[in-house]
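Me: I'm new to this one, could you walk me through its side-chain contacts?

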Amino acid sequence: MQPYFLPYIGYFQLIAAVDVFVVYDNIKYTKKGWINRNRFLQNGTDAIFSLPLAKGSDALNIVERRLASDFDREKLLRQLRNAYQRAPHFGEAFPVVERIVQFGENNLFEYIHHSIRQVCAFLGIGTRIVVSSELPVDHSEKGQDKVLAICEAVGADAYINPIGGTDLYDRDVFRANAVELQFLRSRMPEYHQFGGAFVPWLSIIDVMMFNSVPSIVAALPQYDTV
């Protein structure tokens with residue numbers, strides 16, 4: 001998977017569902033994706049928070065991109081604090097958010113990689129997380145071929161991808177390579193958000209602010225595989 005900054009709970013359901021989670025550092029950064037931004041609850045509706053990036057070529061890999069020199073970490077923390085300080089689990093969750101946002105690394109991949117590990121530690125997810133460039137594969141491979149090479153490198157007999165990737169991969173090709181292809185569809189239940197209409201699929205921050213750790217852990221297996 002690409003590294004995403006504080007993504008929705010489905011990302012962490014995927015990490016919890018597998019034995020090895022491989023996070024890409026050596027693929028191109030995509031401008032319109034969710035690598036350095038996500039959604040949070042603000043005044044009863046969804047709003048965007050983001051990591052500002054230093055200018056760089058569109059050809060650069062994620063690991064070659066850097067945070068902007070003027071990234072105001074305290075401003076982002078104030079934005080999130082103001083949005084969630086009345087949430088029932090703010091006291092437990094916000095220190096984790098502080099450790100993530102205040103992390104001193106300016107390399108985009110390392111900053112996001114750290115955030116993923118921090119959330120996993122908070123939720124007690126012990127899955128082995130591997131950085132793609134550390135694997136002995138042909139890193140010039142693309143798409144499905146690269147995924148299969150990574151599966152071979154880690155000794156996988158099954159590959160699980162989020163449900164949004166169903167059009168990207170061919171079950172017959174995976175089967176020919178002795179790998180079972182599965183897709184995960186999250187079934188996270190609704191939860192109370194300050195009494196307003198429920199806004200689904202926000203950043204994991206939202207889930208952490210409104211739900212206890214035991215209830216989040218109980219929700220991690222709430223998905224279907226197809």
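This is a predicted model: local features need pLDDT of at least 70, side-chain atom pairs count only at pLDDT 80 or more; totals for chains, interfaces and linings use all residues.

Me: ok, how many aromatic pairs does a search of the whole structure find?

Reply: A search of the whole structure gives 17 aromatic pairs. One of them joins Tyr159 and Phe174, which are stacked with 5.8 Å centre to centre and 10° between the planes.

Me: and which parts does that pair tie together?

Reply: Tyr159 belongs to strand 5 (residues 158-162) and Phe174 to helix 6 (residues 171-176), so the contact ties together parts that are 15 residues apart in sequence.

Me: is Phe174 buried or exposed?

Reply: Phe174 is buried, with a relative accessible area of 0%, and Tyr159 counts as buried too, at 15% relative accessibility.

Me: switching topic, what sits over the ring of Trp34?

Reply: That is the charged end of Arg37, 4.2 Å from the ring centre; elsewhere, Arg86 lies over the face of Phe194, at 4.5 Å from the ring centre.

Me: how many salt bridges, then?

Reply: The search of the whole structure finds five salt bridges. Among them is the one between Glu98 and Arg81, whose closest N and O atoms are 3.9 Å apart. Since Glu98 lies in helix 3 (residues 90-101) and Arg81 in helix 2 (residues 73-84), this pair ties together parts 17 residues apart in sequence.

Me: what about Asp172 and Arg175, how far apart are they in helix 6?

Reply: They are three residues apart in helix 6, and therefore separated by about one helical turn.

Definitions and conventions: Residues are numbered from 1 along each chain as its sequence is written. Side-chain values use heavy atoms; hydrogens and water are left out. Rings of Phe, Tyr and Trp (its six-membered ring) pair if their centres lie within 6.5 Å; planes under 30 degrees apart count as stacked, over 60 as edge-to-face and the rest as tilted. Helices (H or I, at least four residues) and strands (E, at least two) are DSSP runs, numbered from the N terminus. Buried means under 20% relative accessible area, exposed over 50%, partly exposed in between (1.4 Å probe, protein chains only). A charge sits over a ring if NZ of Lys or CZ of Arg is within 6 Å of the ring centre and within 35 degrees of the ring normal. A salt bridge is a side-chain nitrogen of Lys or Arg within 4 Å of a carboxyl oxygen of Asp or Glu.
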